[in-house]
Amino acid sequence: MAFAWGVSTSAYQIEGGVTVGGRGASIWDTFSHEPGRIRDGSTGDVACDHLHRYGDDVALMAGLGVSAYRFSVAWPRVQPDGTGPANPAGLAFYDRLVDALLEKGIDPVLTLFHWDLPQALEAGGGWLVRDTAYRFAEYAGLVAAALGDRIRLWITLNEPFIHTTLGYATGEHAPGHAHLFDALPAAHHQLLGHGLAVAALRDRGVAAVGITNNYTPVWPQGETEADLAAAAAYDALHNRFCTDPLFGRGYPDLGLDPRVVRDGDLEVVAAPLDALGVNYYNPTGIRAPASPESPLPFEIVPLTGYPTTDFGWPVVPDGLRELLVGLAGEYGDALPPIYVTESGCAYDGIDDPQRVAYLDGHIRAVRSAMAAGVDVRGYFVWSLLDNFEWAEGFTKRFGLVHVDFETRRRTPKTSYTWYRDVIRASR
Ligand code: FCB
């Protein structure tokens, strides 16, 4: 199949319509309504109103010429309480969306979980409890029964490490728990849910299944043994914790209570995959913690000497080449084909030359990884639209298309036209 040029979004960040069609509440509805959680006090109640304007958004994608679109399904639209039979009105929305995409020749790439857990499951312990993994597999089966073979690629989870860290370890994201290393069971239960969902999807004969992780090249900032050990610890946590077990290596030793991982779990987690989704934003500088009392075995150090995005993230395109080549070297034949499922940057403005430069550099990095032999099958820009950027609310704009959050009017940016031309030229 030809290289997939795509764009990515996620349900809570764009859909709005949070009570439409019997959708239940998600942890992000609850969290965003708590005072002080979101930088600008906003919520995803309306967001880009994609639920009602998806036709316009599919037309924007058709104009862009993408061959694939990665979106996510809101679990509480399909199962308002996270359990029980499917809500037909919720599934009907995705049914219409998928048909609209196919009509334009755009392959749907569907993420089952992009962080919007049904609130009812959080009330029972969320990903900290094992039962949620079984609920997730049940939900996967319901979506597969409805959308089946119309989906080119199924992605079970989005960034389980980031969801665990920000949602359960530091509390910056929903559901807002600050358990530090005691958050690790939430990662295992997500990966167990992933493995069980892979089986449920295979049972329904879907085309292809993968998972998306967030990766960062870890750059030690300092040359002492303690700095190198800190970098190795961070690498084990960020890059390997949610990847090693997928490829049969079990978990790196970071203190996950062994009783959480039951007999047979690791075999379930290591179910064979057709794709690995890679999300990349920037490398991470790490050194040994300054204080021996630090609760963490590492300290994150801002990288200097690079341009930064509006998020303050350093722009290092070659980090994407480094990480793709590194993954191929590390996992070898065990690694399925890679899709870069997210790559993008936050910048204001409709004329956005910085985004053009950013994407140009990152697409070149993908090409050089491919030239070095890495099997990359697609590249998806984060994001089609400016959207609700989690704890940052509407203050960070990642879109190829500008959204006015008063009127919901869409305006393609300079980067939209540029990406359209890149896609055209590659044909
Ligand atoms: C990723 C998320 C995505 C978006 C980008 C900027 O970690 O998967 O939803 O917020 O960051």
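**Close-up views of a predicted model**

**View 1. Ser343 is buried, with a relative accessible area of 0%.** Buried means under 20% relative accessible area, exposed over 50% and partly exposed in between (1.4 Å probe, protein chains only). This is a predicted model, in which local features need pLDDT of at least 70 and side-chain atom pairs count only at pLDDT 80 or more, while totals for chains, interfaces and linings use all residues. Residues are numbered from 1 along each chain as its sequence is written, and side-chain values use heavy atoms, leaving out hydrogens and water. Ser343 belongs to strand β10 (residues 338-343); helices (H or I, at least four residues) and strands (E, at least two) are DSSP runs numbered from the N terminus. Its side chain makes a polar contact of 2.8 Å with the side chain of Tyr379. A polar contact is a pair of N or O atoms within 3.5 Å; within protein, one must be able to donate a hydrogen and the other to accept it, and residues adjacent in sequence count only if both atoms are side-chain atoms.

**View 2. Strand β4 (residues 153-158) has six of its six residues buried.** Strand β3 (residues 107-113) runs parallel to β4, and four bridges join the two. Strands pair if DSSP finds at least two bridges between them. Thr111 stands opposite Ile155 of β4. Three bridges join β4 to strand β5 (residues 209-215), again in parallel. Here Asn158 has Thr212 in β5 as its bridge partner.

**View 3. The residues around the ligand include Gln13, His114, Trp115, Asn158, Glu342 and Trp390.** A polar side-chain atom of Gln13 is 2.8 Å from an oxygen atom of the ligand. For His114, a side-chain N or O atom lies 2.8 Å from a ligand oxygen atom. For Glu342, the distance from a polar side-chain atom to a ligand oxygen atom is 3.0 Å. The protein covers 95% of the 300 Å² of accessible area that the ligand has on its own (Shrake-Rupley method, 1.4 Å probe; for residues, only the protein chains shown count as cover).

**View 4. Trp115 has a positive phi of about 85 degrees although it is not a glycine.** Trp115 sits in the loop between β3 and α6 (119-123) and is buried, with a relative accessible area of 4%.

**View 5. The peptide bond between Trp382 and Ser383 is cis, with omega about 20 degrees.** Ser383 lies in the loop between β11 (376-382) and β12 (401-403). The loop between β11 and β12 also holds Trp390, which is not a glycine but has a positive phi of about 50 degrees.

Definitions and conventions:
Near = heavy atom within 4 Å.
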